[in-house]
Amino acid sequence: MKHIKQFLKFGLVGLSNTLISEVIYAVIVCLKGHYLFASTTGFVLSIFNAYYWNNRYVFKEDESLEKRVWWKVLIKTFIAYLWGFLANLMLLVLWIDVLHIANYMTPVAGLLSRWGIRFLDAEVLGNLFAEGVNLVLILPMNYLVNKLWAFRQRNEENNSAEKSIDKL
């Protein structure tokens with residue numbers, strides 16, 4: 001039950017990360033900025049949000065275990081999310097440049113245009129749809145990498161034994 005609650009909390013933090021990242025992505029794409037620049041900018045800014053809330057809310061520090069060093073956790077958080085970011089970029093290239101997802105969005109863009117929503121053309125809709133699909137694919141893996149590596153705490157007894165062995 002503890003892990004389910006933790007995953008749900010991670011999901012809430014992920015939702016806020018996603019909102020930050022997606023709003024930044026959407027604004028840049030709607031301003032006709034390149035989708036890779038938009039994705040990178042959203043990623044970097046959302047990581048600071050992820051670090052703060054995961055550290056304070058999801059993976060709270062256990063006082064009975066070795067204390068985490070904040071800057072090491074921040075670096076690990078960037079690294080933990082980096083694999084997902086790189087996978088996201090590769091999938092964006094696949095959806096947008098290889099499969100041309102925008103071609104399938106033309107009818108939706110036409111409908112939106114008739115309703116007066118002209119800034120959401122087929123290209124923008126394709127970019128937004130591709131990003132949404134990627135989110136569903138990458139979120140569960142990000143949870144596991146963060147839980148098992150970035151925010152992991154070691155038992156001080158085991159840690160001191162490991163340090164003694166390392167000195168040999």
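1. In this predicted model, I96 touches Y25, Y35, I101, N127 and A130, with residues up to four places away in sequence not counted. Together with Y25 and L92, I96 belongs to the residues with the most contacts inside the largest nonpolar core.

2. That core comprises 34 residues. The elements that contribute two or more residues to the core are α1 (2-30), α2 (35-58), α3 (70-98), α4 (106-114) and α5 (122-150). The greatest contribution comes from α3, which supplies 8 residues.

3. The angle between the two helices is about 150°, and their axes lie 9 Å apart. Since angles over 145 degrees count as roughly antiparallel, α2 and α3 are therefore described as roughly antiparallel to each other. The crossing in which α2 passes α3 is right-handed. As to composition, the residues of the contact between α2 and α3 comprise 19 nonpolar, 5 polar and 1 charged.

4. I28 is a residue of helix α1. Is I28 buried or exposed? The relative accessible area of I28 is 15%; because buried means under 20%, I28 is classed as buried.

5. Which residues does I28 contact once neighbours within four places in sequence are set aside? The contacts of I28 are G33, H34, F37, A38 and T41.

Technical notes
Residues are numbered from 1 along each chain as its sequence is written. This is a predicted model: local features need pLDDT of at least 70, side-chain atom pairs count only at pLDDT 80 or more; totals for chains, interfaces and linings use all residues. Side-chain values use heavy atoms; hydrogens and water are left out. A nonpolar core is a set of buried Ala, Val, Leu, Ile, Met, Phe, Trp, Tyr and Cys residues joined through side-chain atoms within 4.5 Å. Buried means under 20% relative accessible area, exposed over 50%, partly exposed in between (1.4 Å probe, protein chains only). Helices (H or I, at least four residues) and strands (E, at least two) are DSSP runs, numbered from the N terminus. Contact means heavy atoms within 4.5 Å. Axes are lines fitted to C-alpha atoms, for helices over the stretch in contact, and angles run from 0 to 180 degrees between N-to-C directions. Angles under 35 degrees count as roughly parallel, over 145 as roughly antiparallel, 65 to 115 as roughly perpendicular and the rest as oblique. A crossing is left-handed if the near helix is turned anticlockwise from the far one by less than a right angle, and right-handed if clockwise. Ala, Val, Leu, Ile, Met, Phe, Trp, Tyr, Cys and Pro count as nonpolar, Asp, Glu, Lys and Arg as charged, and the others, Gly among them, as polar.
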